[in-house]
Amino acid sequence: MNVLWLAVAALAAQQGPIIRVPVHLVNLPTLVFSKENRLVPGLQATDFRVYDNGNLQKVTLDTASTAVSVVLAIQVNQDVREYVPFIKKAGSVVEALLVGDSGKAAVITYGGDITVVKPFDTGDVQIALSKISTSGRLARMLDAGHRAITLLKERPAPRDRILLFIGQPMDSGSEVTLGFLKEQAERENVSIHTLTLPEFGKAFVSDTFSLQGLPRDGGGFKAGVDLGKLITVLNRSSAVEKGADPFSVLTAATGGTQLHFRKQKELENAIATIGVALRSAYLLSYSRGSIETGYHSIKVEVNVPGATVHSRPGYWLGSN
């Protein structure tokens, strides 16, 4: 046995050190709309061209339905107390139209404290939401986002990683910065979506969607659902200027969607709309074995005349 061990050791020494080259997998959930503002189904990987910092990439397309890992981060301070009853009743809609049968969800609440009220793989979303209550004045939204991404990092890589904020587009009392959270989401392939509540003294943006007839059993959504108004929302999210609110910055950076609500039905329709977007997206991916650290811009093109493409604009590649 000792002779055999020495032989193996000698062979390993002859082969020299093993050099490992890091491979960065970039995931690109991508929506394609026709010029008639309808979702375009049935595309193949060869229909897409993806450029990373201007360099054409070899992409793959996952044709199987990809399960999602979703963290709901819900504001629960006194500023949103009149809207919390709507959120408490939305558990069944979240499970059926957002998470689906194969997805997993966790629930975080934030005010002055950050609380994981439902971890992944345990508990029930509907029960967790029904028990939330409001207190305090702080709204540590950025810290809640950091905690959510920490949970998502532990999820299996093939799953879509989704962070959904429900609250006002503001933060008070957080330790982490907006820039840190944005970079963290970009590094970890996390798409951030927001269901936005009004802020006192500020104009309210109304997003009205008609999603009647959508299945409520977590199954596939009807192809060709007219989501023309969603294009307006996506374009609005992409046109972020310096000094914009944190929700706009985060959704634009990660290819997410920001919808607004102040009534029960608006909340349910907004959840359904995000569910449609998630299940209708093409999941493109490519391996980037590059030592070129820093921010990488992404451009996605499609071989469909007049089509509009919505995807994440880039990602951050660190040195480790």
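Trainee: Val 71 first: which strand is it found in?
Mentor: Bear in mind that this is a predicted model, where local features need pLDDT of at least 70, side-chain atom pairs count only at pLDDT 80 or more, and totals for chains, interfaces and linings use all residues. Residues are numbered from 1 along each chain as its sequence is written, and side-chain values use heavy atoms, leaving out hydrogens and water. Helices (H or I, at least four residues) and strands (E, at least two) are DSSP runs, numbered from the N terminus. Val 71 belongs to the run at residues 68–75, strand E5.

Trainee: Does Val 71 count as buried or exposed?
Mentor: Go by relative accessible area: under 20% is buried, over 50% exposed, and in between is partly exposed (1.4 Å probe, protein chains only). Val 71 has 0% relative accessibility, so it counts as buried.

Trainee: How far apart in space are Val 71 and Leu 151, C-alpha to C-alpha?
Mentor: Contact means heavy atoms within 4.5 Å, and Val 71 has contacts beyond four places in sequence that include Phe 120, Leu 151 and Leu 164. In sequence, Val 71 and Leu 151 are 80 residues apart, but in space their C-alpha atoms are separated by 8.0 Å.

Trainee: Which residue has its charged end over the ring of Phe 120?
Mentor: A charge sits over a ring if NZ of Lys or CZ of Arg is within 6 Å of the ring centre and within 35 degrees of the ring normal. Here the charged end is 4.3 Å from the centre of the Phe 120 ring, and it belongs to Arg 155.

Trainee: Which side chain joins that of Thr 30 in a polar contact?
Mentor: Thr 30 is in strand E1, and it counts as buried because its relative accessibility is 0%. A polar contact is a pair of N or O atoms within 3.5 Å; within protein, one must be able to donate a hydrogen and the other to accept it, and residues adjacent in sequence count only if both atoms are side-chain atoms. The Thr 30 side chain reaches the backbone oxygen of Leu 28 at 3.0 Å. Its side-chain partner, at 3.1 Å, is Ser 311.

Trainee: What is the bridge partner of Phe 48 in E12?
Mentor: Two strands pair if DSSP finds at least two bridges between them. E2 and E12 pair in the antiparallel sense over five bridges, within an open four-stranded sheet ordered E3-E2-E12-E14. Its edge strands, each pairing on one side only, are E3 and E14. Across in E12, the bridge partner of Phe 48 is Val 302.

Trainee: How many residues of helix H8 are buried?
Mentor: H8 spans residues 246–254 and is mostly covered. At its start, a side-chain oxygen of Asp 245 comes to within 3.0 Å of the backbone nitrogen of Phe 247, and just after the helix, Gly 255 takes a positive phi of about 75°. The buried residues include Phe 247 and Leu 250, and the count is nine of nine.

Trainee: Is Asp 121 buried or exposed?
Mentor: Asp 121 is found in the loop between strand E7 and helix H4, with a positive phi of about 70° although it is not a glycine. Its relative accessible area is 53%, so Asp 121 is exposed.
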